[in-house]
Structure formats: structure tokens, C-alpha cells
Amino acid sequence: MKKKSNRSKKIAIDDFLLKIVSSGELGKKIGLLFAKKIIVSSFDSYLKKVIINTQSDSFLNSCFRRNDQRILAASRESKKIDIFDLQKGLILRSLDKHSSLCHALSFSNNGTNLISSGDDGNVIIWDISLQKHLYSMKISQRALRSVFYWPENNQIYASSGYDGLIRFIDIRSNNSTVASFNHGCAVENFKFTNNGEKIISIGGNVLKIWNLRERKFEFLVEEKKAITQLNLDQADTVFYSGLNNSIKFFKLNGYKLHSQFVSKKNIITFACLSNSIIIGFSDKIVSIKNSSADKKIYKTKKKLEFRKNNTCSNIFFLPKKKKKKKKRRL
């Protein structure tokens, strides 16, 4: 039997990496979001990828539909949100309602609706099948950076932004604010735990955990430098990184802090997927760390073979490398 190789796989990365997104617990897709393109790749195989290119209308953010590897939403510099079918290579829907840049978007638990927010302080809920907005509300006078449905109820959502507040809005009761939490400074991002009982927020050099049932502050992590990235895995292990070029983690049942990864290079973004961490660095290298081996995706000047479509995306396969025979020295 042949042994599995742990050697590096290479793809072309010639643009600034903005974000790494994963397709959820049931999927094995990762999305690399760049300003001018999105690369969607299988976690198991680096050879087959889907590329969505744009010439002038840059991408700002993207997300997969919950536990769906086929549907991807992406916001653009033109204030539009496009819904892509990655399997067919088509734009299914194009949503246009925001008056300024849209930096936050996520799907509902059942995948039928999309919620978005941005610099205009508005939160908009879209019906994807009907291609129209169902709901719009001005939440803040300042820019919003995150918005998510509450995992336990699609009628309640939470948003956060540069006013430092995390607000919970109930759509059923005249859009009333049912709860709010003050982070103390601009909130870069927040996440729900999988059971929806707690939220974790980051902003400035502080990470805070809030108990939603008791509506109170529960735990604080303070770093010397700013915390910029936040992720949770399926076991509710909290991972975060910042300007100190390291990824740290702790479990919610003990709050014991551990160091997962330390780098000499700047960490731009990272994501958790299938007991692995995918890390994007400032030098355009993406590294996948797991328990068995560290797999790296490097930049390369190698030409790519394209299969052209009449759609917005191209599917390509990386040409196989010809193995060079090593000359034996006598």
C-alpha cells in the first residue's frame, strides 16, 4: 500500500486575502475571500477548485449557507449582494438595497433568508427565493460589523458595530430591543455558542463572554495588543488572534487559556474546520494545521488550466507536477 504524502500543495495567490470562510460542520469546503476573487476549495483535495472573479466590483465579505457547500453569498463594493450556486457556476440572485457598503451577512438556520448590515447602520432581511427584502431597520448611527440570527429562534437577531453595543432585536414585537450588552469599545465581531446560551465579543484588546440566560457579563480576556479575529469550533472551543501574531484558545467549561500557534508573520485571518485550523498570513501563504500534519498552500507562478464557462465563474484544475528523478551519486 502507498503511504499518503504530507507534501505541500500549491495554488496561485496573487491578491490580498481578506477572509477564510468554512461551510459548517457538515461540509468540507473552505472559501478564500480576496478583493478581486473568491476561491472555493475542497478540504480533502486541493486540486479541484471553483473561482469567482471580478474586475472592478471588489468583494467585501462572504458566507456559505448553513451546512451547505453549494450556495455562497458575497457582498460587493457596489453595495450589492450576490448569491452564487457553486455547482452550476451561476449567480442565482442579486440583492440591492443597502445605501452604503455591506460588511456583514449570514444565512438563517433554515437557509431560506439572508440577513445583512453595513456602514449605513441598517439591518436588512432578504427572502432569497423571492429575491426581495422582507425587513429593514435602522439599528445604529454608526457602522455595523456583525449580524447573526440567534441559533434558537430565527425571529430574533443580534448586531454589533462601532457604537460598542450588541443588540438583540425581536422582529415579532415591533422590532423592540429585547437585550443589549456594552462591550466598552467598538465591536469588531461576535459569535454565538452552538447552543445559543452565550455570546463572545471582541473589540480593542478585549474579549468578553456574556451569559444570555442571565443577561450578565461572565468572563474577560485582555491582551496587550488588539484582538482582531474570533472563531468557535463545534465543541465550543473559543479561538482568537490579533496583532500579537498568535492564535490562542480556551474551552468554555474551564476558561483555561492555551497558546495554539505562534508566528513571526502577521496573521490576517483564520477559520476552524474539521478539527483543523486554516490560517491566512500577510505574505499570501495559507496554512492548514491539523493533528496529523501541517499542510501549506503557497503562492506560485505556475500557469493554471481553465475550463471556460459563459458564467461569472471559472473552474480550473492545477496541472500535475512531473516528478523529477533523482540522480544517484556514485
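How many salt bridges does a search of the whole structure find? The search finds 10 salt bridges, a salt bridge being a side-chain nitrogen of Lys or Arg within 4 Å of a carboxyl oxygen of Asp or Glu. Before the close-ups, please note that this is a predicted model, in which local features need pLDDT of at least 70 and side-chain atom pairs count only at pLDDT 80 or more, while totals for chains, interfaces and linings use all residues. Residues are numbered from 1 along each chain as its sequence is written, and side-chain values use heavy atoms, with hydrogens and water left out.

**View 1. The salt bridge of R213 and E152 links distant parts of the chain.** The two side chains meet at 2.7 Å, N to O. R213 sits in the loop between β20 (206–211) and β21 (216–222), and E152 in the loop between β14 (144–150) and β15 (153–161), 61 residues apart. Strands such as these are DSSP runs (E, at least two residues), numbered from the N terminus. E152 is partly exposed, with a relative accessible area of 42%. Here is the scale: buried means under 20% relative accessible area, exposed over 50%, and partly exposed in between (1.4 Å probe, protein chains only).

**View 2. Two further salt bridges join R172 to D170 and E214 to K216.** The closest N and O atoms of R172 and D170 are 3.0 Å apart. R172 is exposed, at 51% relative accessible area, whereas D170 is buried, at 9%. E214 and K216 also meet through their side chains, at 3.0 Å from N to O. K216 is partly exposed, with a value of 41%.

**View 3. Strands β6, β7, β8 and β9 form an open sheet.** The 4 strands follow the order β6-β7-β8-β9, with antiparallel pairing; two strands pair if DSSP finds at least two bridges between them. Because β6 (59–64) and β9 (90–96) stand at the edges with a single partner strand each, one side of each is left without a neighbour in the sheet. From one strand to the next, the twist averages 20 degrees, using axes that are lines fitted to C-alpha atoms and angles that run from 0 to 180 degrees between N-to-C directions. Look for the 5 bridges that join β6 to β7 (residues 71–76). F64 has L72 in β7 as its bridge partner.

**View 4. β22 and β23 form a hairpin.** There are 4 residues between the two strands, and D236 in the turn has a positive phi of about 60 degrees. The strands run antiparallel, with 5 bridges joining β22 to β23 (residues 237–242). N231 has F239 in β23 as its bridge partner. Strand β22 (residues 227–232) is mostly covered, as 5 of its 6 residues are buried.

**View 5. D127 is buried yet has no salt bridge.** You can find D127 in strand β12 (residues 122–127). Its nearest side chain of opposite charge, K132, is 7.0 Å away; Lys and Arg count as positive and Asp and Glu as negative, while His and the chain ends are not counted. D127 touches T112, N113, K132 and L134, not counting residues up to four places away in sequence. Contact means heavy atoms within 4.5 Å.

**View 6. F281 lies in strand β27 (residues 276–281).** F281 counts as buried, at 4% relative accessibility. Leaving aside residues up to four places away in sequence, F281 touches F261, S263, K265, N266, I267, I268 and S287. F281 and T269 are 12 residues apart in sequence and 7.2 Å apart in space, C-alpha to C-alpha.
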